[in-house]
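The overall fold comes last.

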Amino acid sequence: MNRREAIRNVAILLGSAVSASTLSALEGCNPKGPDNYALQAPETKKMLAEIVETIIPETDTPGAKTAKVDEFIALMLNDCYKPEDQQVVLDGLKKIDDAAQKQFKKPFVDLTAEQKTGILTEIDKERIAYNKRENKKEKDPTHYFQILKELTLTGYFTSEAGATKALRYVQVPGKYEGCIPYAKGQKAWAM
């Protein structure tokens, strides 16, 4: 079994799918990584911060912006993703901003929380349709919002804020108990 198969099997066990671009990113992390300065630009980071905060807003637990998920995404994209996938995300950020300009005549970062949610909900519907299309090919790029959502969830739930505040966390766990009752609304366990 190679690393790709192991990661895919873990994803299946956890009940989720991992896109090919995320698998390739996890396999090919390079400590130097490509120098894509567009990912480090202040306007890109500000846009990412607003998108991740819209996906996981602050409630009684810290939001994705507080957990610095935007910095995680920029780092992962820059260090681990192929230049083609980086460009897909950068083009996607422009599409999100264009949608905001078209619908509200303002940049995405200046919209209200409800307007941001509306834009991202429409883009998520587009992502679902893109993933379900009948004529897809193996070499087709992953939808940019798929990459953003996956990295947002990974970055948040592996951050200190996500693992200790949004999930139940025991620093030094006791024995393994395979069957524990679950009450509706109860937090999931952190790793």
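Seven salt bridges are counted in this predicted model. Side chains of opposite charge can pair when their charged atoms come close.

| Salt bridge | N to O distance |
|---|---|
| K65 and E50 | 2.8 Å |
| D124 and K149 | 3.3 Å |
| R133 and D140 | 2.4 Å |

Take K65 and E50 first. Their side chains meet at 2.8 Å, N to O. K65 sits in the loop between α3 and α4, while E50 belongs to helix α3, so the bridge ties together parts 15 residues apart in sequence. E50 counts as buried, at 13%. The cut-off for buried is under 20%, which is why E50 falls in that class.

D124 and K149 form another bridge, with their closest N and O atoms 3.3 Å apart. D124 is in helix α6 (residues 113-132) and K149 is in helix α7 (residues 144-157), so this pair links parts that are 25 residues apart in sequence. D124 is buried, with a relative accessible area of 18%. K149 counts as partly exposed, at 23%.

The R133 and D140 side chains meet at 2.4 Å, N to O. D140 is partly exposed, with 29% relative accessibility. Which residues are joined by bridges that share partners? E50, K65 and K116 form one such network.

**Helix packing**

Two packed helices are described by the angle between their axes and the distance between the axes. For α3 and α6, the angle is about 85° and the axes are 10 Å apart. An angle from 65 to 115 degrees counts as roughly perpendicular, so α3 and α6 fall in that class.

Which residues make the contact? From α3 come E50, I51, T54 and I55; from α6 come K116, T117 and L120. By class, the contact of α3 with α6 has three nonpolar, two polar and two charged residues.

**Aromatic pair**

How many aromatic pairs does the whole structure hold? The search finds one. The ring centres of Y156 and F157 are 5.0 Å apart and the ring planes lie at 85°, so the pair is edge-to-face. Y156 is buried, at 1% relative accessibility. F157 is partly exposed, with a relative accessible area of 29%.

**A loop residue**

T61 lies in the loop between α3 (42-55) and α4 (69-80). T61 is buried, with a relative accessible area of 15%. Which residues does T61 touch, leaving aside neighbours within four places in sequence? The contacts are Y156, K165 and A166. Y156 thus links two topics: Y156 is in contact with T61, and Y156 pairs with F157.

**Overall fold**

The protein has eight helices and zero strands. From the N terminus on, the elements run α-α-α-α-α-α-α-α. Of the 191 residues, 39% are buried. Among contacts with a separation of 6 or more, 58% are between residues 24 or more positions apart.

Technical notes:
Residues are numbered from 1 along each chain as its sequence is written. This is a predicted model: local features need pLDDT of at least 70, side-chain atom pairs count only at pLDDT 80 or more; totals for chains, interfaces and linings use all residues. Side-chain values use heavy atoms; hydrogens and water are left out. Helices (H or I, at least four residues) and strands (E, at least two) are DSSP runs, numbered from the N terminus. Buried means under 20% relative accessible area, exposed over 50%, partly exposed in between (1.4 Å probe, protein chains only). Contact means heavy atoms within 4.5 Å. A salt bridge is a side-chain nitrogen of Lys or Arg within 4 Å of a carboxyl oxygen of Asp or Glu. Axes are lines fitted to C-alpha atoms, for helices over the stretch in contact, and angles run from 0 to 180 degrees between N-to-C directions. Angles under 35 degrees count as roughly parallel, over 145 as roughly antiparallel, 65 to 115 as roughly perpendicular and the rest as oblique. Ala, Val, Leu, Ile, Met, Phe, Trp, Tyr, Cys and Pro count as nonpolar, Asp, Glu, Lys and Arg as charged, and the others, Gly among them, as polar. Rings of Phe, Tyr and Trp (its six-membered ring) pair if their centres lie within 6.5 Å; planes under 30 degrees apart count as stacked, over 60 as edge-to-face and the rest as tilted.
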